[in-house]
Structure formats: C-alpha cells, structure tokens
Amino acid sequence: MSEGLPARSSSGLNHGPMESLRVLGWKLREAMRSAWNRYDRTPLYCKALAGESDYNICVNSDMTVSCNCQDFDGTGRIGDLRSQTLGEIFSGETVRVFQKSLASREFPTSVCATCPELAPIPAGDLARGPVLGRVPSRGIMVENTALCNLKCGLCRRKELLALRRQPSLSLEDIEQVSRMLAEYGIKQVSYFNLGEPFLSADILAEVRLLRRHNPGIRIITSTNGLLLDNEEKIEAALLMDHVYFSIDGVSQDTLARYQVGGDFDRQYRNMKTLVEQRSARTAQALTTHLTLIEWKYVFFSWNDHLDHMKQALQLAHGSGVDRLTFHPGSVTEKADLSKRSLADPFFQSAGARLLDGGMSIDLTAYSSADVQLESL
Ligand code: SF4
Ligand code: SF4
C-alpha cells in the first residue's frame, strides 16, 4: 500500500504489456544514464543504505530485507533476517557492493535510476571512497502482508508473490521484528509496503506487539480503508500515530478506474468512522494519544477535474480528517497522466503546501464548517 508514496500507476491487470512497458522504461532509463555518464562522473551513494533515511529500507513479508519500497523483482534484496541480524546486513557484502557500484555510477537495482535515495557523495567525503552501510535508525518499513484486496494497475502481485517465501509475517516474526526495532533504537516504523495492512486478521495483536517493545516509536500506516470496518481494526489504527487513507476519487467511477475492486462509499465511510471513533475516545478521556488521519488522493487524467478537487476538499472537510493531500499518479499510458501541476492555482487557493511530493491541505486550519468552495 505504498501507492502514492511515491504513487503508482493506472488501471489494468494485464501484466504482459505492463511488463514490456516496464522493461522498455528500464532500458530507456539505462540508455539515458549511460549517455549522462559520459559527461557526469560524480560518484553516487544511497542515503537509505547509509542510514540517512526514515523510509524505503523494508522488512518484507518473508523476513528478507529490501532497500526500497518498489522491489517487485527482488533486485533490491540486501539480506535476510532469518539468517542475519540487521547489523550484519548493513555491514555485509551486499550493502558494500551496492554502495561501491553506485560510487562507480553503476545501478545495482532496477529502481535506482528513479530512486529519491540516490545522491552524489559530498565533495569533502570523496577521498574516503564508497559510503559505508549503516542501520536505518531513523525509520524502517515493515510489510506485514504482501496480499491485497484490490488490484490497482502496476501493483505486480503475481510477480511479487512468486518472490516472497511467505505472503504474510507471522506473530512470531513480528515479535522478532519488534525486538529488533527496540535493539537498534529505530524511531519510526512505516507499517505497510506492497500489500494492504488491514487484510491481516491479527492486525491488533501485531500493533500491540510493536507498541509493547517500542512504546515511543512512531507508527505510520497506509490503507485503502475498505477493511477498516470493525472494532479490532479501529483499535489497531488508533494505536498508530498516522493513518493514510488512499482514496483516489470522489465517486465509484472516479475511484475504481485505478483502485480496481474498490468501493468509494465504504472506503469514505470507514475513514469518517475512524475520525468519529477517535473523537469519541478522546471525549471520554479513554486516550490522550491522537492519531493523525490523512486522506491521500492520487490524481490522474480522469479524477483531476477542478470539480473533483473541490468535491474532495468538501468531502474531506465533512469527514473530519486532519489533512487532504493530492499526489500526481505515475502512469504507463501518457493519456492517463494528469496535466495538473503542483503549481496549479487550485492548490494555492486551498492553502496547500508541498509535502512528501504532494500538495497537502491542513484541514484543521479551516475554522468554518463550510469550505469556501466558491472562492477556489
Ligand atoms: S493493489 Fe493494494 S497495495 Fe497495490 S496500490 Fe492498490 S491498494 Fe495499494
Ligand atoms: S533503489 Fe538504489 S538508490 Fe534506492 S534505496 Fe535501493 S540501492 Fe538505494
């Protein structure tokens, strides 16, 4: 469910042509990289492998570890927690080879070319050679499941499940991961990756385990919201610090073109209910913990009309969520790409600010119950 962070792509389940397009994209990027390399030889390094990132390094559903959140083909695998500690992975051969390749401007994975973790080695550090690996103490991702209830376009489930030894982490695995987070003093866990976290029937037990071993850790999740519809799941969500709801439309038609199998009314209702439950618990002084609830809206050519954006803002306000963030979707078909840029006047009028690659509107800043749509 890391869709939109960065966002994924358009609808369609036909992986054959999709795969060809992906390979074509990879070849194109490689050709561009080689051309660019003839002129620029600045050594590179990976910020995630150097422990400078709070995202991307991911414990997968089978306890392997990948360097990025889009590792559908396994080229980003850097280790395995079944046979190694996290410390051993980051001081190990694979991480060393990855950093050495990047220093020579060779890309060790199919994702590096477009990865935000790629950076030039600072001039003052060049004499030290390739950058060393370091445990990501700022934050890590944990994929409790690689299964999903939806079938969004470029989520390559078949390829992914053929790669994973098991589709979901067991409670024993999560206990091990929770202890590991505590041992390395990891400050943040993004509890999602390439599946739907609330598909797990044990989600409440999982989050309680994380919290028991790491009372102060920041827990973030991202969900399509469709299954967040019972007491246990609501309880699990409200034990976390930040819940993103991926709802990519304002009606069934606008949503289901990308989120194949989605149900706009249910997803929206579940998001609204979570806000109500949060308010009820705070009012009854059952908790002082406040979970940030955010609607993440990935826009394409079919759900980016000004009326859609205004309606999303109105619905977001009506649901009581804290934030609404619009992210441009990445697509395989040029026609599916939105022409709306992040500098669009709509975002400025709505008081949006740039956040994590999207335009984010802080709804707590609206004092009136009515969003002044006419002025937008
Ligand atoms: S198929 Fe599931 S995991 Fe993939 S983008 Fe859609 S909701 Fe997220
Ligand atoms: S894809 Fe490349 S740049 Fe991105 S995290 Fe992995 S090694 Fe680093």
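This report walks through helix contacts, aromatic pairs and a few individual residues in a predicted model.

Before we start, some ground rules: residues are numbered from 1 along each chain as its sequence is written, and chains are lettered from A and ligands numbered from 1 in the order in which they are written. Because the model is predicted, local features need pLDDT of at least 70 and side-chain atom pairs count only at pLDDT 80 or more, while totals for chains, interfaces and linings use all residues; side-chain values use heavy atoms, with hydrogens and water left out.

**Helix 6 and its two partners**

Helices (H or I, at least four residues) and strands (E, at least two) are DSSP runs, numbered from the N terminus. Let us begin with helix 5 (residues 171-183) and helix 6 (residues 203-213), whose axes come within 8 Å and cross at roughly 25°. That angle makes helix 5 roughly parallel to helix 6, a term for angles under 35 degrees. The axes are lines fitted to C-alpha atoms, for helices over the stretch in contact, and angles run from 0 to 180 degrees between N-to-C directions.

Helix 5 passes helix 6 in a right-handed crossing. Handedness is left if the near helix is turned anticlockwise from the far one by less than a right angle, and right if clockwise. On the helix 5 side, Leu171, Ile174, Glu175, Ser178, Arg179, Leu181 and Ala182 meet Ala205, Glu206, Leu209, Leu210 and His213 of helix 6; contact here means heavy atoms within 4.5 Å. These residues divide into 7 nonpolar, 2 polar and 3 charged. Ala, Val, Leu, Ile, Met, Phe, Trp, Tyr, Cys and Pro count as nonpolar, Asp, Glu, Lys and Arg as charged, and the others, Gly among them, as polar.

Helix 6 also meets helix 7 (residues 231-238): their axes come within 8 Å and cross at roughly 25°, so these two helices are roughly parallel to each other. Here the crossing is left-handed. Ile203, Leu204, Val207 and Arg208 of helix 6 make the contact with Glu232, Lys233, Glu235 and Ala236 of helix 7, giving 4 nonpolar, no polar and 4 charged residues.

**Aromatic pairs**

Rings of Phe, Tyr and Trp (its six-membered ring) pair if their centres lie within 6.5 Å; planes under 30 degrees apart count as stacked, over 60 as edge-to-face and the rest as tilted. By this rule there are 11 aromatic pairs, and here are two of them:

| Pair | Centre to centre | Angle between planes | Type |
|---|---|---|---|
| Tryptophan 295 and tyrosine 297 | 6.1 Å | 45° | tilted |
| Phenylalanine 326 and phenylalanine 347 | 5.6 Å | 50° | tilted |

The phenylalanine pair links distant parts of the chain, with phenylalanine 326 in strand 11 (residues 323-328) and phenylalanine 347 in helix 11 (residues 345-349), 21 residues apart. Both phenylalanines are buried, which means under 20% relative accessible area, with exposed over 50% and partly exposed in between (1.4 Å probe, protein chains only). Tryptophan 295 is buried at 0% relative accessibility, and tyrosine 297 is buried at 0% too. One aromatic cluster takes in Phe264, Tyr268, Trp295, Tyr297, Phe299, Phe326, Phe346 and Phe347.

In helix 3 (residues 93-103), the buried residues are Val95, Phe98, Gln99, Ser101, Leu102 and Ala103. Their cover includes strand 1 (44-46), strand 4 (77-80), helix 2 (86-90) and strand 5 (118-120). Arginine 105 follows helix 3 and has a positive phi, near 65°.

Serine 251 sits in the loop between strand 9 (242-246) and helix 8 (252-256). With a relative accessible area of 26%, serine 251 is partly exposed. Its C-alpha atom is separated by 9.4 Å from that of asparagine 303, 52 residues apart along the chain.

Methods. Parallel < 35°, antiparallel > 145°, perpendicular 65-115°, else oblique.
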